[in-house]
Amino acid sequence: MLLTITTTAKPATDLGFLLHKHPDKVQPFPQSFGTAHVLYPEAGEDRCTAALLLEIDPVRLVRTRGRGTPDFSLGQYVNDRPYAASSLLASAMANVFRSALRGRCDARPELAAAAIPLEITLPALPCRGGPDLAEELFAPLGWQVEAESVPLDPGFPEWGDSRYVTLTLRGTLRLADALNQIYVLLPVLDHAKHYWMSSEEVDKLIRAGEGWLAGHPARTRIVRRYLANRRGLVRSALGRLAEAEDAPEDALDRDPIDEEPGTGDPLDEAAGRIEGEGEGEQAAAPPVPLAERRIATVLEVLRQESAASVIDLGCGSGKLLARLLADPFFTRIAGTDVSHRALAMARRTLERSRTRATGWAVFQGALTYADERFRGYDAAVLMEVVEHVDPPRLPAVERVVFGDARPRVVVVTTPNVEHNVRYEGLAPGAMRHPDHRFEWTRAEFRAWADRVARTHGYAVRHVPVGDDDPEVGPPTQMGVFTR
C-alpha cells in the first residue's frame, strides 16, 4: 500500500517538520500486521514528497483473525490487503503520523496552522462507488479530485473496470486537516474495516472529523459506512455531530438507503465480501451502480430522440450535466435546482470537466413556477425529482414542465416502491430517502404518466432501469414523453 504527500510550499522540506519525519532518513515502524516505512522520494527547496509505504505480512495478518471474521476461510488466500489502500493504511497513518494528525509541530507551529499546497496520491484505492463516490466525498472539502478507474486487465478492456481507483487530490489545506480526512474516508470508500467495531470508533470519528464532518453534505453516509452501519454507533455519532452543529439530531440522520444490494454470490460470501460486511476484492467485475445505470439510460434515450439541447430540471450536484457536457452529441446544456449548495457543486463539477466549447448554464429555479429559462430545449430531464414534490404541488410541476416549457421530449425517472422489499435494512413501508414525499408502484406511475401525456398532448413509453425483477419489477422506472 502506498500513500504519497507532496508540497510546493517553500521551503518544501519543512514537510519533514510537519510529519515529524526527517527527509534524509528511511524509517520503519512495526505494525501488528506488517511494517510501515516513511521515506522521501524527492526532497528539495521547491518540491518535497513524503511516502508512506505499508508492507503487509500475510501470515501475521491471518494470525490476528478469528474464525468468525469475514475473510477467515477463502479470504486468507484471496484478498487485496497487501496491495490496496484500506483501513490497514488508515491505522498505519494513525500510528506513524500521530502528531501530524493532531496538528502539533513545536518546531514550526505557524506552519502547522497554515494552509499549504498539497498533492496526495493513492495509486490503488478500493472504492465501492467508483470515481463518482470519490468526487462526492472529497470535492466538498475543497479538493480538486482526479479519480480514474483501474481496469480489471489492461490487456482485456472488454472485461471492464475493477472496483479500484487511482486517486489524486490537489488543494490548499492544513496538513492535519488533509490527513484526518484521508484517515476517515479510506474505510468509507472501501466500505470495510479490518477490525472489530466498538464505541471507541465513534470517538475516533468525531476527533478526526472535527471542523469538516458536521458540515459535509454526505456526512450521514460517511458516518454509516465508517461505522459499518451499526445502528447504535451511528446514532451516537450523529447525535454528537448534531451538537457540534447546534442542529436537531434527525436533521443529520436523513440519508438515502444504499440502492445497491449485496451480490449474493456464494464465493463472495465465503470470502466475506458482501457489500458493507466483508473485506477483500470481488472475483468478478463489480456490478454497475444503479445511479450510473440511470444516467446511462437517460443518455441513451436522449440520443435515440435526437435531443441535442437538454435542461436538467433538479440537477443536484451536476452528475448528469457533467456526462452531457462530456458527450459531443449534446450541443446546449442547462441545469436548475432550488438548492444553492447543490448549484455551487454543479458549477464546480462543470468547470472542472469542461473539455469543449459546448454552451452550458446553471441557475436557481423552482419547478412549481413558470420560468422562461426552462423553454427552448429539445428535452427536459427530471431524474429522481418528482418524488421530492408534495403531491398537492405536483399539478403545478406538470403545468410548468409539460404545459409552459413544453420541450419535444421529457424524461422522468422515479423509484419503483414495489422493489423496496429487495433492500435489506429498509423497514416495511419506509421510503428510500427521508425527503421523498411518495414512491409510486408501477401501476401508479403508469396511471400518472398516461394522464399527463393525454392532458398535454404527449405520447409516453415506459423503460425499466436496473435489473427487471420478475416479481417486483426494476428498482427505477422511467417514462419517456414525446410530443
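In the predicted model, Val38 stands opposite Leu52 of strand β4, strands being DSSP runs of E with at least two residues and helices runs of H or I with at least four, both numbered from the N terminus. Strand β3 (residues 34-43) runs antiparallel to β4 and is joined to β4 by eight bridges, where two strands are taken to pair if DSSP finds at least two bridges between them; four residues separate β3 from β4 in the hairpin that they form. Strand β1 (residues 2-7) is likewise antiparallel to β4, with six bridges, and Leu2 has Leu53 as its bridge partner in β4. Seven of the nine residues of β4 (residues 48-56) are buried, so this strand is largely enclosed by the rest of the structure; buried denotes under 20% relative accessible area, exposed over 50% and partly exposed the range in between, with a 1.4 Å probe and protein chains only.

Leu152, in the loop between β6 (144-151) and β7 (161-173), is partly exposed, its relative accessible area being 37%. Together with Phe156 and Trp159, Leu152 makes a nonpolar surface patch of about 300 Å², a patch being made of residues with over 30% relative accessible area and no salt bridge, in which like charges are joined within 9 Å and nonpolar side chains (Val, Leu, Ile, Met, Phe, Trp, Tyr) within 5 Å; a salt bridge places a side-chain nitrogen of Lys or Arg within 4 Å of a carboxyl oxygen of Asp or Glu, and accessible areas follow the Shrake-Rupley method with a 1.4 Å probe, only the protein chains shown counting as cover for residues.

Residues are numbered from 1 along each chain as its sequence is written. As the model is predicted, local features need pLDDT of at least 70 and side-chain atom pairs count only at pLDDT 80 or more, whereas totals for chains, interfaces and linings use all residues, and side-chain values use heavy atoms, with hydrogens and water left out.
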